[in-house]
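Grab your viewer and work through these exercises one at a time. Try each task before you read its solution.

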Amino acid sequence: MEITWWGHATCTVEDSGVRLLTDPLFARRLAHLRRRRGAVPPPEAAVADAVLVSHLHADHLHLPSLARLARGTRLLVPRGAPGAVPGLARTAGARGLAVTEVAPGDTVAVGDGVRGGVRVRVVSARHDGRRLPFGPRLAPALGYVIEGSSRTYFAGDTGLFDSMAEEVGPVDVALLPVGGWGPNLGPGHLDAAAAARALALLAPAAAVPVHWGTYWPIGMDAVRPHEFHAPGEEFVRCARREAPKVSVRVPAHGERVRLP
């Protein structure tokens, strides 16, 4: 099983002959955010059998990035997303994307059975996943467990919650958010210390920190720069204390790592 981190929450997970892509964000700039580290992912980053979207925030469900996907790509989105996100149905229709709305407890098979295949199990997250600035919460924030030769948990954006380990179940690899895109993290997020506590609860064999060190607000380079640069290595330090048996890998942008 191999994982490529493209930056922010965007990863390619390759397992059992299947390529899955998480929260694709292929932009140099998004509103007030500028990509400060790592090149914009190359065209091959958009190649996937299925795409897993964790919630409706524009840095996780990014319509121009979805428009780069190949025709026929399967797209798993939180239930209610097409009604909550103007343009999602239009983008999916124009690109021929096969949209599947999912909610916690659902399981989706991905793969043709010839090359292999995986099951994607949908779990809950604790995060305000509304499509801001639009309306009420119409779709849940989600995490996903990819079950193939390994079991890989992609947490999306989430805070710690009491039933996390029970809902996620045993996993081999955890992709955990450890930072953000600004100098402060609000509720429903994990910083490096909280992500290490989540690691202790989940007890995987290996972990990769994501959602850090990629985007930063324009004009704020000098404001708490350690919040941009430090979360990955801070997660390593905290994980040594909270979950010393877990192997933590910190890939560079675009780097592929092989995991259990």
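**Exercise 1.** Which residues does L185 touch, not counting residues up to four places away in sequence?

*Solution.* Before starting, note that this is a predicted model, where local features need pLDDT of at least 70, side-chain atom pairs count only at pLDDT 80 or more, and totals for chains, interfaces and linings use all residues. Residues are numbered from 1 along each chain as its sequence is written, and side-chain values use heavy atoms, with hydrogens and water left out.

- Step 1: find L185 in the loop between β13 (173-177) and α5 (192-202). Helices (H or I, at least four residues) and strands (E, at least two) are DSSP runs, numbered from the N terminus.
- Step 2: look for contacts, meaning heavy atoms within 4.5 Å. L185 touches G179, G180, L190 and D191.
- Step 3: check accessibility. L185 counts as partly exposed because its relative accessibility is 34%; buried is under 20% relative accessible area, exposed over 50%, and partly exposed in between (1.4 Å probe, protein chains only).

**Exercise 2.** What end-to-end span should helix α7 have, at 1.5 Å a residue?

*Solution.*
- Step 1: α7 covers residues 231-242, which is 12 residues. The expected span is 1.5 Å times one less than the number of residues.
- Step 2: that gives 16 Å, and the end C-alpha atoms of α7 are 16 Å apart, so the two agree.
- Step 3: now for burial. The buried residues of α7 are P231, G232, F235, V236, C238 and A239, and their cover includes β13, α5 and β14 (206-210).

**Exercise 3.** In what order do the seven strands of the open sheet run?

*Solution.*
- Step 1: the order is β9-β10-β11-β12-β13-β14-β16, with mixed pairing. Two strands pair if DSSP finds at least two bridges between them.
- Step 2: β9 (107-110) and β16 are the edge strands, each pairing on one side only.
- Step 3: zoom in on β14 and β16, which run parallel and are joined by two bridges. A207 has V248 in β16 as its bridge partner.

**Exercise 4.** Which parts of the chain does the R79 and D106 pair link?

*Solution.*
- Step 1: R79 and D106 form a salt bridge at 2.9 Å, N to O. The criterion is a side-chain nitrogen of Lys or Arg within 4 Å of a carboxyl oxygen of Asp or Glu.
- Step 2: the pair links distant parts of the chain, 27 residues apart: R79 sits in the loop between β7 (74-78) and α2 (81-84), D106 in the loop between β8 (98-102) and β9.
- Step 3: R79 is partly exposed at 43%, and D106 is partly exposed at 23%.
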